[in-house]
Amino acid sequence: MATTRRFQPNDLLRFNAVNVDNLTETYNLGFYYTYLAQHPDIQVVVTSPADQVVAYMLAKVEGPVPNHHGHLSVVTVAPPHRRLGLAARLLASLESTCESPAVKATFVDLFVRSGNTVAIDMYRRFGYKVYRKIRGYYTGGDGGGDAFDMRKGLSWGKPVVEMEGGDVHAREVYLSL
Ligand SMILES: CC(C)(COP(=O)(O)OP(=O)(O)OC[C@H]1O[C@@H](n2cnc3c(N)ncnc32)[C@H](O)[C@@H]1OP(=O)(O)O)[C@@H](O)C(=O)NCCC(=O)NCCS
């Protein structure tokens with residue numbers, strides 16, 4: 001039975017097995033500590049009965065009204081633990097937080113490599129749409145560096161329209177952050 005709980009700083013010392021994957025971005029320690037310090041209640045790990053970290057999610061809530069939204073930064077599951085519904089569980093946890101009256105987020109968004117068809121199909125199954133394509137967002141890897149900005153409208157906002165945000169270059173996105 002897997003256990004879902006808050007991501008603790010010590011988990012950073014034992015999450016390598018989850019990160020050994022060419023579709024999982026690994027960042028510097030400051031990146032993770034910023035999430036743990038600024039949004040401690042949203043970061044989640046899943047552990048196995050042997051207390052190994054087998055999946056995790058990093059996310060944040062950002063932006064002013066009416067663009068107050070949840071952003072899924074990382075969701076990843078160790079290969080032996082895939083297709084067990086862990087990513088579904090983590091996404092549901094973020095969406096539930098974002099839907100709460102205390103947060104009132106209008107949508108949840110995420111960036112995914114355009115070649116990561118498994119993840120894209122999974123997000124579509126969970127109600128996410130491609131809001132825009134971002135050329136040159138990633139360096140190297142599958143999908144030639146392009147990203148899809150996928151979004152799911154929540155009850156506090158309006159439905160997301162497929163490709164409403166168009167086809168943009170990464171530098172336009174960075175300028176608007
Ligand atoms: C994408 C990823 C997070 C999915 O995690 P997971 O725990 O296996 O996903 P779930 O078990 O919750 O699957 C939910 C649904 O997504 C779809 N899905 C997930 N993996 C799939 C696969 N390999 N092939 C086909 N459909 C898949 C299915 O519809 C599945 O539901 P089902 O099992 O009832 O058919 C995992 O494959 C992973 O860590 N990949 C590497 C990192 C990554 O790409 N992260 C996303 C970056 S944006």
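I count a residue as buried if 20 or more other C-beta atoms lie within 10 Å of its own, as exposed if 12 or fewer do, and as partly exposed in between, with C-beta atoms placed from the backbone. I note that this is a predicted model, in which local features need pLDDT of at least 70 and side-chain atom pairs count only at pLDDT 80 or more, while totals for chains, interfaces and linings use all residues. I number residues from 1 along each chain as its sequence is written.

Entry on strand E7. I take helices (H or I, at least four residues) and strands (E, at least two) as DSSP runs numbered from the N terminus. I looked up E7, residues 147–153, and found 5 of its 7 residues buried, so the strand is largely enclosed by the rest of the structure.

Entry on its partners. I call two strands paired if DSSP finds at least two bridges between them. With strand E5 (residues 107–113), E7 forms 7 bridges in the antiparallel sense; here I find Val-108 opposite Lys-152. Strand E6 (residues 129–135) also runs antiparallel to E7, joined by 5 bridges, and Val-130 faces Met-150 there.

Entry on the domains. The domain assignment, automatic or from a database, gives domain 1 (1–105) and domain 2 (109–177). I find their C-alpha centres 18 Å apart. Taking contact as C-beta atoms, placed from the backbone, within 7 Å, I find 11 residues of domain 1 in contact with 11 of domain 2. On the domain 1 side, strand E4 (69–77) and helix H3 (86–99) each supply at least two residues, and H3 gives the largest share, 4 residues.

Conventions: Two residues are in contact if their C-beta atoms, placed from the backbone, lie within 7 Å.
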